[in-house]
Amino acid sequence: MRITWFAWLARHADEYGYSDGPLRATIGTVAVLVTAALLWFALHRRRPAAMAAAGLTCALGVGWLAFH
């Protein structure tokens, strides 16, 4: 599923604001993923909360990057 998501994002990159260049898009996306991983590790004892927080962070972060 992750590979499919990245493939879809690559095909539609210019539609969602990632047209500022691959370097800036990569830096922003990696920053969002690192933040989601930190939330996951911070909440790892409560797995449902960790999954929800990491998923919401990814969705909101990539969405924000896409439209700003």
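The legends below describe views of a predicted model.

**View 1. The chain has three helices and zero strands.** Helices (H or I, at least four residues) and strands (E, at least two) are DSSP runs, numbered from the N terminus. In order from the N terminus, the elements run α-α-α. Of the contacts in the chain with a separation of 6 or more, 49% join residues 24 or more positions apart; a contact means heavy atoms within 4.5 Å.

**View 2. Mean pLDDT of the chain is 79.** pLDDT is the predictor's confidence in each residue, from 0 to 100. A value of 70 or more is reached by 82% of the residues.

**View 3. Trp5, Phe6, Trp8 and Leu33 form a nonpolar surface patch.** Together these residues have about 370 Å² of accessible area (Shrake-Rupley method, 1.4 Å probe; for residues, only the protein chains shown count as cover). Helix α1 (residues 2-11) gives the most to the patch, with three residues.

**View 4. Trp5 lies in helix α1.** Trp5 counts as partly exposed because its relative accessibility is 39%; buried means under 20%, exposed over 50%, and partly exposed in between (1.4 Å probe, protein chains only).

Residues are numbered from 1 along each chain as its sequence is written, and side-chain values use heavy atoms, without hydrogens and water. Local features need pLDDT of at least 70, and side-chain atom pairs count only at pLDDT 80 or more, whereas totals for chains, interfaces and linings use all residues.

Terms used:
Patch = residues over 30% accessible without salt bridge, like charges linked within 9 Å, V, L, I, M, F, W, Y side chains within 5 Å. Salt bridge = Lys/Arg side-chain N within 4 Å of Asp/Glu carboxyl O.
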